[in-house]
Amino acid sequence: MIVIGIAGGTGSGKTTVVRKIIDSFPAGEVAVMPQDNYYKDSSHVPVEERSKINFDEPAAIEWPLLVEHLQQLRSGRSIEMPTYSYLTCTRQAETVTVQPCDVVIVEGILVLTDPVLRNMLDIKVFVDADADDRLIRVIARDCIERGRTPQMVIDRYQDVLKPMHCQYIEPSKRFADLIVPQGGSNIVAITLLTDYIESRLRVSSRGVR
């Protein structure tokens, strides 16, 4: 099993990179563990306070559970991955069964900030993109998927996303083995990454260490 961590700022194109990796391999060979699924449950927080939750700091993630699940996959055991709703800011009752695969991708803005998780990653990737491009994507996504107005997104970007990006996400770039500029549109970098993954899988299948 090869474990890949894919980090980068909100709206940088991480999901696009993940999708292109998945499309490069036969069905069932790649499992994805989104960091967002491991946000701490906030059902105990009053509804009017949930909108103030900072999702862009490491403290928002239940890292021990993510690490435990990754260890289980590496041991050949399936997991029940949690799900999270941004509309209610709560963990959902439904879970997603994830089976051990040749390639496991852990994807999220803060993936490279946690030292325990970082040490479990065979390949560390940082998807980079211009701040203006990221903001445009975030506005489009949050208005459609999370019921926010453009002004709400801009206010949140200025108050939370930008300072958290500078404090936590951007500094984690130094841990990356590969930086992918221009996000998901960088076909050359993505091709290099998928070729490297395939070569690692071939070596593993031959039992070479």
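Which residues does His165 touch, not counting residues up to four places away in sequence? They are Gly9, Arg134, Glu170 and Pro171, where contact means heavy atoms within 4.5 Å. This is a predicted model, in which local features need pLDDT of at least 70, side-chain atom pairs count only at pLDDT 80 or more, and totals for chains, interfaces and linings use all residues. Residues are numbered from 1 along each chain as its sequence is written, and side-chain values use heavy atoms, with hydrogens and water left out.

**Overall form**
- The protein has 7 helices and 7 strands, which are DSSP runs numbered from the N terminus (helices: H or I, at least four residues; strands: E, at least two).
- Along the sequence, these elements follow the pattern β-α-β-α-α-β-β-β-α-β-α-α-β-α.
- The C-alpha trace spans about 55 × 35 × 30 Å along its principal axes.

- An open sheet is formed by 5 strands in the order 2-5-1-6-7, with parallel pairing; two strands pair if DSSP finds at least two bridges between them.
- Strand 2 (30–34) and strand 7 (178–180) stand at the edges with a single partner strand each, so one side of each has no neighbour in the sheet.
- Strand 2 pairs with strand 5 (residues 103–107) in the parallel sense over 5 bridges, and Val32 has Ile105 in strand 5 as its bridge partner.

**Burial**
- His165 lies in helix 6 (residues 150–169).
- His165 counts as buried because its relative accessibility is 11%; buried means under 20% relative accessible area, exposed over 50%, and partly exposed in between (1.4 Å probe, protein chains only).
- Of the 209 residues of the protein, 47% count as buried.
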